[in-house]
Amino acid sequence: MAAAEAKLVCQSVWKVYGARDREVIALSGGAPDDATLAAARLIPAVRDVTLDVREGEIFVIMGLSGSGKSTLVRCMSRLVEPSAGRILFAGRDLLNATPREMIDIRRHRMGMVFQHFALLPHLSVLGNVAFPLEVQGIGHAARERRALDMIELVGLDGRENDYPNQLSGGQQQRVGIARSLAVEPELWFLDEPFSALDPLIRREMQDEFLRLQNTLRKTIVFITHDFDEAIRLADRIAIMKDGRIEQTGTPEDLVMRPATPYVAEFTRDVPKAKVLTVASIMQPGGVGEGTDTIRADAKIVAVAARLREATAPVAVVDAAGVRVGSVARDAVVDVLLRG
Amino acid sequence: MALSTSIDTHAPTGPLRLSAIRLAWLAVLGATILLWVAGDRFAPWAVAYPRAWQIPAMQWISAVMEWLVRRAHFGLFTFTDLTRGLAAIIEVPYRAVLSLLSTGFRIGEGSNAIPILPPLSWIAVTVTAGLLGLYSGGRRLALFVSACFLYLAVFGQWQSAMVTLASILIAVPFGVAGGLMLGLAGYRWPAFERAMRPVLDLMQTVPVFAYLVPILFLFGFGPVSSVVATIVYAMPPMVRITILALRGVPAEIRDLGAMTGCTRRQLTWKILLPAARPGLMVGVNQVIMLSLNMVIIASMIGAGGLGFDVLAALRRLDIGAGIEAGVAIVVLAVALDRLSQAFAVDTETRSRLAALKRSAPLVERLPNLVTALAVILAAGVVGLFVAPVQSYPAAWNLTTGSFWENVVGWINVNYFDQIDAFKNMLLLNVLVPTKRFLGELPWLGIVAILALAGFALSGLRLAILCAVLSLLIAATGQWEKAMITVYLCGISVFFACLIGVPVAIFAASREGAWRIVQGVIDTLQTLPSFVYLIPVVMLFRVGDFTAILAVVAYAVAPVIRYTALGIRRVDPQLVEAGIVSGCTPFQILTKIKLKLALPEIVLGLNQTIMLSLSMVVITALVGTRDLGQEVYIALTKADVGRGIVAGLAVAFLAIIADRLLTAAAERLRFRFGLAPAVAA
């Protein structure tokens, strides 16, 4: 993928809880160590996070509970006021925005999906999805029309007059998704959207999410504590621990080239075939036989079945359909056997 | 001091500290006993608080009130103008509702008044109440509520009941709206909440009578001042519940508000308040029930209605009339409670139904409202020509008065000796000795013991609080009366536990029995405190014994509820572990269930003490000589200083008991490794 323009940039973002947090960070040159923080009775939640989210990508922030991922995503939307650093959204520093400007940005350019759905119990599905538009002061008819479109998009048509407590968890989160999309946000935050769901439903919702993203092409920041979910959905992943980012990279990077022991620990048991692309094992410049071709950016696990019967190497093509190499059955089997 | 407060956290403090606390206890108890036995000879000032040391708080307060009423000025208007303005704000809607329900609309004054519209017919009110029941709770509730109102008509209580209902209908919206606003302010500005908290504490512990004295002074005698008293009395719980309910809104919902770009006002009205609605409805129910309680008591400053009937009957010792009016209060209380609870439980279904029918015609959308209006109109028109439709004819009234008189008479004729013997036995062997013992205790020793208890249970802050509050009781000259209050309250609480704990133990493990017990204590807690006086005074005449019976009946509910809940909440695995280790059922009860339920039991005990304190004050009406009597006398003389000082003394007693017991419960929870109590 060509390096797209960065939609959201975090530069040395800190969030430290306690009195006089800004002062302490400034005094220590913008990078206080553990001892300084402890002495000032400050509790760090996000430490020196620098990252960029590119236009149209799914950027997953992965970390266990207490790693600071939820605080970080709330810093990005200024639900939580960062203690230090810069947050650039489409080139503009959000931390300089006035409350009025922030309201405007959130109303029109951001959407968020919450872990526990955050549906308003007193509103119907329709009312919930139309809520962000109601807040903007859009008229009754216009917002309901838009909301109905969104409800249809997430496959809940017919349930628009139901109330949240009449819906299953998966359906409730579909409402949450429809609501966050109602304003056509440029930047879409999803804070552990599927963590509260049963495993089977979670899987279904992940597929649904990928399907939506295929048509919508939003810029997405997706929070999860589930590494499998991260590699399934992400274009790029940032792994967080104790408020810091351990490593940022594609799923393949993290699995094949873990930067720290912590990342290695996480990625050790990941089946390689799920993260490696065909490009990583192909013979560049090799010539495949037959008319069958496979895509270079496909995951190996997705093409393994097609190579089972192949006796000779198969041609690999790039996104434009140009032949770039070939891959043999043995190479695939190797990866599968490595686990 | 850091060391001494570390007792909270059970830090290893070593044997030295433990023995220090023990030594302090020994010293304080020893000194107290010494003072008690021989203090009169060498330190009489430590036994009875010397008159010369008293703070003339009564005179100060009276002087301030005088100044407020006669001199205070806010530039454009005086304080008296302010109270008159407030009175007018309440007076206008009150008159309207009273006319609607009871007196009818008239032009002119007194005997020259020309009636222009009659009040709502009894049929219209009964049907409307029934439809409210249908709307909020379904057919069963509709029948129940209609039956309650029908009872009021048939048994001749209609007029008084409508006067009481009018007061409540005015007091509740003011109380709810005021509480909501203060609660919102407290939620938004934590500093405001911190400032408000001690005031709310005081307002909820000062006895009901004490509210009446300054309000009588400021607003005069009449229904308006009784409504003012009711609003002031019923508002504090709404404030607290509002703050709690708003805090209880999940953080994600608040984040949602921010992320959708809500302004502050949108966040409050479109997100926070709707999301907190179930909690807020509990507050509304509380306001209704407290209003009813207060409106009955406020009959002493001119509320009229059912409370006045009871009061008049008590004064005449008219058994039949008293019990009839009392039952009418109970009926009204239960009907209002069920209605408001039904509204609290299921607001969502209704808004759902309303949404489904948004485009339907009015009749289909709001069938109950349309029916109610139709019935009101029809009954009004027909009532103009057919009198029984307008007002329930007196000739059809049933009265149970003579029946009750016969019952009480029969009991008195046949069982007087037994009842009297029992009463005297208790009086001579328990009540009088306890009263005498408490009265003779040296005040200085008690202050020291309370302070030490505060220190041992929580730390220096609680110790100072207990010492200062108890010292103030002594310094304002209320010690003797306060000890009588403690005696009445203490004995009542003892008997309440004696009855309540076994009942709770029995009911806790039996589903059927628990349902029945729950129904009974729910009902007991909805009844206005005044009602409890009626049967006991009929059977046992006036006096301490009667007072204690009424207090026990009023205050027994929480100890049953908390004990049973505590036992029922014990982790079943622990009980199984006990069974597997071969415990007998008795051992399981004493070694596992009761032990783990102890923190809850202590909280129940705390509630029982609070309730019994508030009831003890009301028993002044049946002739006790405690702080309540002091307030009551102040009320009859409109002596503000005296009333407030005595009222505050009761509040101080309540606060001391509450803080000590809450600290004890917290300690127990900590020791058992249980989660801290959720604010009840």
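Modeller: Let us begin with one residue pair: L8(A) stands opposite F89(A) in β4(A). This is a predicted model, in which local features need pLDDT of at least 70 and side-chain atom pairs count only at pLDDT 80 or more, while totals for chains, interfaces and linings use all residues. Residues are numbered from 1 along each chain as its sequence is written, and chains are lettered from A and ligands numbered from 1 in the order in which they are written.

Colleague: How many bridges join β1(A) to strand β4 of chain A?

Modeller: Strands of a sheet pair through backbone hydrogen bonds, either parallel or antiparallel. Two strands pair if DSSP finds at least two bridges between them; helices (H or I, at least four residues) and strands (E, at least two) are DSSP runs, numbered from the N terminus. Here β1(A) and β4 (residues 84-89) of chain A run antiparallel and are joined by five bridges. Strand β1 (residues 6-17) of chain A also pairs with β2(A), in the antiparallel sense, over eight bridges. In that pairing, A6(A) has R54(A) as its bridge partner, and V9(A) stands opposite D52(A).

Colleague: What is the order of the strands in the open sheet of chain A?

Modeller: The order of its four strands is β2-β1-β4-β5, with antiparallel pairing. At the edges stand β2 (43-54) and β5 (92-93) of chain A; each has a single partner strand, so one side of each is left without a neighbour in the sheet.

Colleague: Where does helix α27 of chain B bend?

Modeller: The bend at a residue is the angle between axes fitted to the seven residues ending there and the seven starting there. In α27(B) a bend of about 40° occurs at A555(B), and the proline P558(B) follows within four residues. The expected span of a helix is 1.5 Å times one less than its number of residues. Helix α27 (residues 544-568) of chain B, with 25 residues, reaches 36 Å from its first C-alpha to its last, close to the 36 Å expected.

Colleague: Is α27(B) mostly covered or uncovered?

Modeller: A residue is buried if 20 or more other C-beta atoms lie within 10 Å of its own, exposed if 12 or fewer, and partly exposed in between, with C-beta atoms placed from the backbone. In α27(B), 23 of the 25 residues are buried, and the helix is mostly covered. As for α11(B), 22 of its 25 residues are buried, so it is largely enclosed by the rest of the structure. A kink of about 35° lies in α11(B) at M235(B), shortly before the proline P236(B).

Colleague: How many residues of chain B are in contact with chain A?

Modeller: Two residues are in contact if their C-beta atoms, placed from the backbone, lie within 7 Å. By this test, 21 residues of chain B are in contact with 22 residues of chain A. On the side of chain B that touches chain A, α12(B) provides the largest share, six residues.

Colleague: Which domains make up chain B?

Modeller: Domain bounds come from an automatic or database domain assignment. Chain B is divided into domain 1 (79-106 + 155-356) and domain 2 (480-680). Their centres, taken over C-alpha atoms, are separated by 25 Å. Between them, 32 residues of domain 1 of chain B are in contact with 30 residues of domain 2 of chain B. On the domain 1 side of this contact, α16(B) gives the most, with nine residues.
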